[in-house]
Amino acid sequence: MPRDVVDLIMDDHREFERLFAVLRTDPTKRATVTPVLTTLLFAHGRAEEAVIYPAAINEADEADEVEHSQEEHVEADELMEKLAGKDPESDEFGEILEEVIEAVTHHLEEEEETVLPGMREKMSSERLIELGQEFLAVRKELLGDQVEDVTKAQLEQQAANMNVEGASSMSKEELKDTLQEQAAEE
């Protein structure tokens with residue numbers, strides 16, 4: 001039986017927490033678990049941005065919460081890029097990992113306290129199930145991609161979710177820089 005999008009998102013959140021625990025407690029698994037974490041975070045984030053956030057803005061009146069959540073996605077992407085470029089056995093990896101865990105955990109908590117309850121309250125069960133199917137389809141398509149694989153269209157979706165104007169006229173790098181600057185201001 002199809003599940004609703006809120007439950008699916010929360011399932012991913014619990015998986016992130018499980019992976020964080022493994023990365024913290026067993027450094028010997030960092031080299032193999034980090035790519036799993038980064039690909040799941042990437043696919044989950046882009047699926048939220050493409051499917052969930054527009055619906056939350058347009059159908060559940062969650063624009064402010066979505067804008068903030070989108071900014072946190074941009075910050076997490078930046079941290080994940082830093083993490084991916086480090087030796088899993090280095091001290092620097094451990095330091096960046098803690099930043100990733102702190103940022104993502106904060107984001108999960110906020111999303112579970114604001115955006116997701118708002119969606120569940122303001123959207124029908126049928127719509128939440130429909131969004132769940134769309135979320136899973138986009139997520140599945142992107143599994144295997146990493147943060148550096150982000151497309152200009154995905155960056156433009158992030159810009160729309162953050163209310164950034166003029167995104168379509170920017171190059172991919174300009175857009176990425178603009179999003180990072182706006183996220184850092186918050």
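Me: Which helices each supply at least two residues of the lining of the largest cavity?
Reply: α1, α2, α3 and α4 each do that. Helices here are DSSP runs of H or I with at least four residues, numbered from the N terminus. α2 gives the most to that lining, with seven residues.

Me: Is this a predicted model or something else, and what gets counted?
Reply: It's a predicted model, where local features need pLDDT of at least 70, side-chain atom pairs count only at pLDDT 80 or more, and totals for chains, interfaces and linings use all residues. Residues are numbered from 1 along each chain as its sequence is written, and side-chain values use heavy atoms, leaving out hydrogens and water.

Me: Back to the cavities, how many are there of 30 Å³ or more?
Reply: Two. A cavity is a set of points on a 1 Å grid over the protein atoms alone where a 1.4 Å probe fits but cannot get out, and its lining residues have an atom within 4 Å of a point. Points are joined across faces, edges and corners, and the volume is the space filled by probe spheres set on them.

Me: And how much space is in the largest cavity, and what lines it?
Reply: About 150 Å³ lies in it. Its lining has 18 residues, with Leu 41, Gly 45, His 73, Ala 76 and His 107 nearest the centre.

Me: Switching topic, what's in the largest nonpolar core?
Reply: That core has 32 residues, and Leu 37, Val 100 and Leu 179 have the most contacts inside it. A nonpolar core means buried Ala, Val, Leu, Ile, Met, Phe, Trp, Tyr and Cys residues joined through side-chain atoms within 4.5 Å. "Buried" is under 20% relative accessible area, "exposed" is over 50%, and "partly exposed" is in between (1.4 Å probe, protein chains only).

Me: Which helices give two or more residues to this core?
Reply: α1 (5-25), α2 (30-60), α3 (63-84), α4 (91-113), α7 (152-161) and α8 (172-185). α4 gives the most, with seven residues.

Me: What is Leu 37 in contact with?
Reply: Skipping neighbours within four places in sequence, Leu 37 contacts Phe 16, Leu 19, Phe 20, Leu 23 and Met 80. Contact is heavy atoms within 4.5 Å. There's also a second, separate core of 19 residues, which includes Ala 47, Met 119, Leu 131 and Phe 135.

Me: OK, α8. Which of its residues are buried?
Reply: Leu 175, Lys 176, Leu 179, Gln 180, Gln 182 and Ala 183. Down the axis of α8 they fall within an arc of 165°, so they line one face of the helix. That arc uses the directions from the helix axis to the C-beta atoms. The face turned away from the buried side carries the exposed residues Glu 181, Ala 184 and Glu 185.

Me: What covers the buried residues of α8?
Reply: The cover includes α3 and α7.

Me: Now Val 147, where is that, and buried or exposed?
Reply: Val 147 sits in the loop between α6 (125-142) and α7. Val 147 is buried, at a relative accessible area of 6%. Leaving out residues up to four places away in sequence, Val 147 touches Phe 42, Asp 77, Met 80 and Glu 81.

Me: And what about Arg 139, buried or exposed?
Reply: Buried, with a relative accessible area of 17%. Arg 139 lies in α6, and among the residues it touches are Asp 12 and His 44.

Methods: 1 Å grid on protein atoms, 1.4 Å probe; cavity = no way out; pocket = protein on both sides within 12 Å on 5 of 7 lines; lining within 4 Å.
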